[in-house]
Amino acid sequence: LHLSDFEVVGGIDCINIQDAEEGQRLKNKSAKRLVPIHDKLIEVGLLRYVDRLRAQGHVNRHHYARYS
C-alpha cells in the first residue's frame with residue numbers, strides 16, 4: 001500500500017485498492033476496489049500512523065511499526 005491509497009470518500013475513511021502507483025499491481029480487474037476502514041482500526045490508530053508517515057515524508061506504508 002502507498003499512503004496515497006488512504007483517502008476519505010463521502011466522509012468515510014477508505015483504502016483504495018488500485019494499481020496507480022509504481023510497483024502496484026492487481027491480480028485481475030475486479031480486484032480494484034474501495035474498502036472502508038473498520039472503526040476498530042481507526043480506534044487503534046491506523047490513521048494517526050498514516051498521518052505520521054506522511055508528515056515524515058514517506059510515500060509507502062512499508063514501515064512496520066506499531067500504530068499508536
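Tutor: Accessible areas here come from the Shrake-Rupley method with a 1.4 Å probe, and for residues only the protein chains shown count as cover. This is a predicted model, in which local features need pLDDT of at least 70, side-chain atom pairs count only at pLDDT 80 or more, and totals for chains, interfaces and linings use all residues. Residues are numbered from 1 along each chain as its sequence is written, and side-chain values use heavy atoms, with hydrogens and water left out.

Student: What does the accessible surface of the protein come to, and how much belongs to carbon and sulfur atoms?

Tutor: By that method the surface of the protein is about 5,100 Å², and carbon and sulfur atoms hold 52% of that area.

Student: What makes a residue buried, and what percentage of the protein is buried?

Tutor: Buried means under 20% relative accessible area, exposed over 50%, and partly exposed in between, with a 1.4 Å probe and protein chains only. Of the 68 residues in the protein, 26% are buried.

Student: Which pattern does the protein follow along the sequence?

Tutor: The pattern is β-β-β-α-α, where helices (H or I, at least four residues) and strands (E, at least two) are DSSP runs numbered from the N terminus.

Student: Why are β1 and β3 said to stand at the edges?

Tutor: The open sheet has the order β1-β2-β3 with antiparallel pairing. β1 (6-9) and β3 (33-36) each have a single partner strand, so one side of each is left without a neighbour in the sheet.

Student: How do you know that β1 and β2 pair?

Tutor: Two strands pair if DSSP finds at least two bridges between them; β1 and β2 (residues 12-17) have four bridges, in the antiparallel sense, and V9 stands opposite I12 in β2.
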